[in-house]
Structure formats: C-alpha cells, structure tokens
Amino acid sequence: MNSISVPPSRASSYLALLVAFHILVIIASNYLVQLPIELFGFHSTWGAFSFPFIFLATDLTVRLIGKGPARRVILRAMVPALIASYIVSVLFHEGRFNGLDALNEFNTFVFRIAFASFAAYALGQLLDVHVFDRMRRGYVQWWVAPAASAVLGQALDTIAFFGIAFWRSDNAFMAANWGEIAAVDYAIKLTVSLLLFVPMYGVALNAIVRAMRRRETLPAAA
C-alpha cells in the first residue's frame, strides 16, 4: 500500500474531526448498549455494531499522522464523551425519551455504563494504537495491522466495559447475562471488524492517498 502522511498544516483540523467522531460514536454506543437483541439464540446489544467505527478511525489516524497524535485524540475525547454519554443515556434511558426532568436525579445505573465506557475506551484504544503501530512497522501486508489491533483492542475493550458496567448490576437481566452478552458482543464486533471494517480501512486509506496525491500534483500542473 502506498506510503503517505497528512501534511502538518492539515493535521490539527483532522484531529479535531477525529475527536468529534470518537465522541459521537461513544455516545451512540452507550445508548445502543442499553437495547438488547437476540442473535441465533444468544443475547447481545445493538452497541456491538456501532463501536467498531472508532477502531477504524483510530487505525487510519495512526497510519496517516502517527501514534502520538492518535493518543491525543483519545485523551481529548474521553472526558467530553463521558459527560455527553451520561446526559444522552439518562434522557433516552431504555430507548425512550424521559424528559429533561430525568437529569434532576442522578442515575447510578447509567453513570456506571458511562464510566465503564470511559475506562474501556481508554484501555482498548491505547492498546489498539500500540498494536497497530507495531504491526504496521513489522509487516508488509496492509491488513495485518488493523486485523491484529482489532482482535486485541476490542477484546480488552469488551472485557473492561461489560465487567465494570454490569457485574452485580442493579439491572437483573444484565447482571445475570453480562458474561454471555460480552462474549457474543465481542464475537459480533470482531466479525464485523474483520469482514467489514478491515476492508473499509483499506478502501478508505487508498481513497485518502489518491486524493492527497491529486492535491499535490495540482500546483505543479498549474
């Protein structure tokens, strides 16, 4: 795969977009994880389908800008995502709008989910950055780094999130089934990542490379 990096002049705007994107996906995932589904007789949640987007964005960031900027995205997104996730999850607890009055009372169940997401996001993303950076330097094949980082990063993220959020939870269903849900959630996220997001990484990177090379040739052509 062609080698190229984002020019320093555009890196700051790219990072700002990445921070906003991370926060948006975390908020959506924290809401969707409250909505259980059943797949082939196993319990899971809709959040399993949204969160892998963050790993795709992080891997592209490491590839185009570097490990240091990718870590800065994670650090900048954590606290705003925690606050916004709590607010949105309280307002739309269990999939329905509960009105602004719901914010007047502290919801320990929702805050536990938001805090679990905060911790799991930090741990999983930092591991993803480390693994991806090591793999991309050691292997020529473009798909090795995003595949390896997805396997390890999402495993840590899933264990941390479900363990912190639902072990001995006040929600009887989640307290009884969080282990099964976590295993199914990881299997879904990994399948989606390997079959969809790793190829999307390759397509997106090639598209970005082509667009940037076209921009580089424009001044010369003029």
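A crossing is right-handed if the near helix is turned clockwise from the far one by less than a right angle. The legends below refer to a predicted model.

**Figure 1. Helix 2 crosses helix 5 in a right-handed sense.** The view shows helix 2, residues 52–64, where the axis of helix 2 comes within 11 Å of that of helix 5. The two axes cross at roughly 135 degrees. Helix 2 and helix 5 are therefore oblique to each other, since angles over 145 degrees would be needed to count as roughly antiparallel.

**Figure 2. Helix 4 packs roughly antiparallel to helix 5.** The axes of helix 4 and helix 5 come within 7 Å and cross at roughly 160 degrees. Because angles over 145 degrees count as roughly antiparallel, the pair is given that label. In the contact of helix 4 with helix 5, 24 residues are nonpolar, 5 are polar and 4 are charged. The handedness of the crossing of helix 4 and helix 5 is right-handed.

**Figure 3. Asp157 of helix 5 lies 4.4 Å from Gly124, C-alpha to C-alpha.** In sequence, Asp157 and Gly124 are separated by 33 residues. Asp157 has a relative accessible area of 5%, and therefore counts as buried, the cut-off being under 20%.

**Figure 4. Helix 3 and helix 4 pack at an angle of about 165 degrees.** Helix 3 spans residues 67–91 and helix 4 spans residues 108–138. Their axes are 9 Å apart. The two helices are therefore roughly antiparallel to each other. The contact of helix 3 with helix 4 comprises, by class, 18 nonpolar, 3 polar and 3 charged residues. Helix 3 passes helix 4 in a right-handed crossing.

Figure 5. Phe162 is buried, with a relative accessible area of 1%. Phe166 is also buried, and its relative accessible area is 1%.

**Figure 6. Aromatic pairs include Trp46 with Phe49.** Across the protein, the count of aromatic pairs comes to 14. For Trp46 and Phe49, the ring centres lie 5.8 Å apart with the planes at 45 degrees, so this pair is tilted. Trp46 has 45% relative accessibility and so counts as partly exposed. Phe49, with a relative accessible area of 32%, is partly exposed.

**Figure 7. Five aromatic residues form one cluster.** The members of the cluster are Tyr86, Phe106, Phe111, Phe115 and Phe118.

**Figure 8. Confidence of the model by element.** The mean pLDDT of the protein is 82, and 90% of its residues reach 70 or more. Among the elements, strand 2, residues 42–45, has the lowest mean pLDDT, at 73. Helix 5, residues 144–166, has the highest, at 91.

How values were computed. Residues are numbered from 1 along each chain as its sequence is written. This is a predicted model: local features need pLDDT of at least 70, side-chain atom pairs count only at pLDDT 80 or more; totals for chains, interfaces and linings use all residues. Side-chain values use heavy atoms; hydrogens and water are left out. Axes are lines fitted to C-alpha atoms, for helices over the stretch in contact, and angles run from 0 to 180 degrees between N-to-C directions. Helices (H or I, at least four residues) and strands (E, at least two) are DSSP runs, numbered from the N terminus. Angles under 35 degrees count as roughly parallel, over 145 as roughly antiparallel, 65 to 115 as roughly perpendicular and the rest as oblique. Ala, Val, Leu, Ile, Met, Phe, Trp, Tyr, Cys and Pro count as nonpolar, Asp, Glu, Lys and Arg as charged, and the others, Gly among them, as polar. pLDDT is the predictor's confidence in each residue, from 0 to 100. Rings of Phe, Tyr and Trp (its six-membered ring) pair if their centres lie within 6.5 Å; planes under 30 degrees apart count as stacked, over 60 as edge-to-face and the rest as tilted. Buried means under 20% relative accessible area, exposed over 50%, partly exposed in between (1.4 Å probe, protein chains only).
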